[in-house]
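These notebook entries record what I looked up in the structure.

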Amino acid sequence: SQANFEEDTQKQPAVGHWKTLMPSKGSKEETETGCQDAGGVDETQSAEQLNVSRLRSSSVEIREKGSEFLKEELHKAQKELKLKDKECERLSKVREQLEQELEELTASLFEEAHKMVREANTKQAASEKQLREARGKIDMLQAEVTALKTLVITSTPSSPNRELHPQLQSPSKAVFRKGHGRHKSTSSAMISAASQNVTPEPVSHERKEVDPILFAEFQAWKESPTLDKSCSFLDRIYREDVGPCLDFTKRELSELVRVAVEQNTLTIEPVASQTLPVVKVSAEECGGPKKCALSGLPRTCKHRIMLGDSGNYYYISPSCRARITAVCNFFTYIRYIQQGLVRQDVELMYWEVMRLRREMSLAKLGFYPNEV
């Protein structure tokens with residue numbers, strides 16, 4: 001039958017219609033096997049495609065969830081950063097405010113401390129000034145008491161003191177004493193009684209004339225008062241008055257005395273009436289009651305000086321005391337002018353300065369009051 005089929009096909013061309021072919025037994029089995037194989041491959045491929053699609057869908061889902069989670073975390077982190085930035089800004093403001101308050105407090109404390117120091121220095125200067133004035137007054141009163149005791153003791157009924165009883169003096173000698181009138185108040189009644197019988201001598205008024213150079217230098221210094229020795233006014237006085245007046249035999253001690261006078265730290269004490277405190281028992285005492293520490297000469301020393309707070313005492317003679325006192329009086333007056341405490345005319349101030357210069361010149365030449 002197969003041979004017939006082949007002959008028919010060769011003779012009749014296959015044009016226009018299909019002719020059913022009947023496969024053989026062997027071809028049928030091969031066809032079924034191929035179909036089975038093709039079906040298995042298709043099922044495997046579809047399973048793999050299904051698995052791939054599932055994997056892709058799961059990865060996409062995971063990716064979406066991960067991106068959402070990261071977005072949420074990023075949003076939280078941004079919020080935390082904003083809060084931290086606000087907190088840092090607040091803390092910075094607090095720190096700046098604290099630093100400013102600390103600076104203001106420090107400045108106020110320093111200002112208050114300086115104010116307290118200035119007030120303390122002012123009070124100390126005032127106290128030292130009062131102390132010096134009180135010591136000067138005590139010194140003056142003690143000298144007056146000593147002089148009065150001397151007058152009273154030396155006056156007896158058999159030998160009366162003619163100075164204490166001026167009515168006993170002869171008319172030619174019963175005149176007013178010139179100079180310091182400190183002790184005249186004790187016998188004012190007697191002097192007034194004696195003055196009724198005695199004609200006083202005419203008082204001679206000294207004549208004064210302003211030196212234009214000295215007055216110009218004083219006026220220039222008065223415009224801007226200072227204690228600096230470089231100005232022409234004080235330079236002249238240092239050369240002509242202060243330097244010679246404080247030029248003693250002991251040059252080293254003289255220089256210390258000059259510095260103490262300039263710094264206003266020199267103290268003069270009477271020897272007889274001054275009782276030393278316990279803390280000053282071991283203080284060094286130069287010179288002695290019978291020897292002057294400045295001149296080195298044997299003299300009766302009724303006073304002694306202390307330079308600053310050193311605790312060292314130096315006995316001085318009446319002449320040296322008069323010279324130091326004259327210079328101290330001059331410096332005290334010009335300090336008063338510098339501090340604005342003198343309310344006088346310029347010419348009156350000038351003549352007071354000239355009077356103090358004259359006192360220094362007289363003390364340098366050896367003239368000093370008896371009560372010293």
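I took helices (H or I, at least four residues) and strands (E, at least two) as DSSP runs, numbered from the N terminus.

The model is predicted: local features need pLDDT of at least 70 and side-chain atom pairs pLDDT 80 or more, while totals for chains, interfaces and linings use all residues. Residues are numbered from 1 along each chain as its sequence is written, and side-chain values use heavy atoms, without hydrogens and water.

I then asked which residues of α6 are buried. I used under 20% relative accessible area for buried, over 50% for exposed and partly exposed in between, with a 1.4 Å probe and protein chains only. Leu253, Ser254, Val257, Arg258, Ala260 and Val261 of α6 are buried. They cover an arc of only 165 degrees around the axis, which puts them on the same side of α6; the arc is taken from the directions from the helix axis to the C-beta atoms. Arg251, Glu252 and Gln263 are exposed on the face turned away from the buried side of α6.

With contact set at heavy atoms within 4.5 Å, I found the buried residues of α6 packed against α5, β1, β3, β4 and α7. Just after α6, Asn264 has a positive phi of about 60 degrees.

**Strands β3 and β4.** I noted that β3 and β4 pair in the antiparallel sense over 4 bridges; pairing requires at least two DSSP bridges. Arg304 has Tyr315 in β4 as its bridge partner. Both faces of β4 are covered, with Tyr313 and Tyr315 buried on one side and Tyr314 and Ile316 buried on the other.

**Aromatic rings.** I counted rings of Phe, Tyr and Trp (its six-membered ring) as paired with centres within 6.5 Å, and as stacked under 30 degrees between planes, edge-to-face over 60 and tilted for the rest. The structure holds 8 aromatic pairs. One of them is Tyr238 with Phe331, edge-to-face at 6.0 Å centre to centre and 65 degrees between the planes. This pair links helix α5 to helix α7, across 93 residues of chain. Tyr238 is buried at 13% relative accessible area, and Phe331 is buried at 4%.
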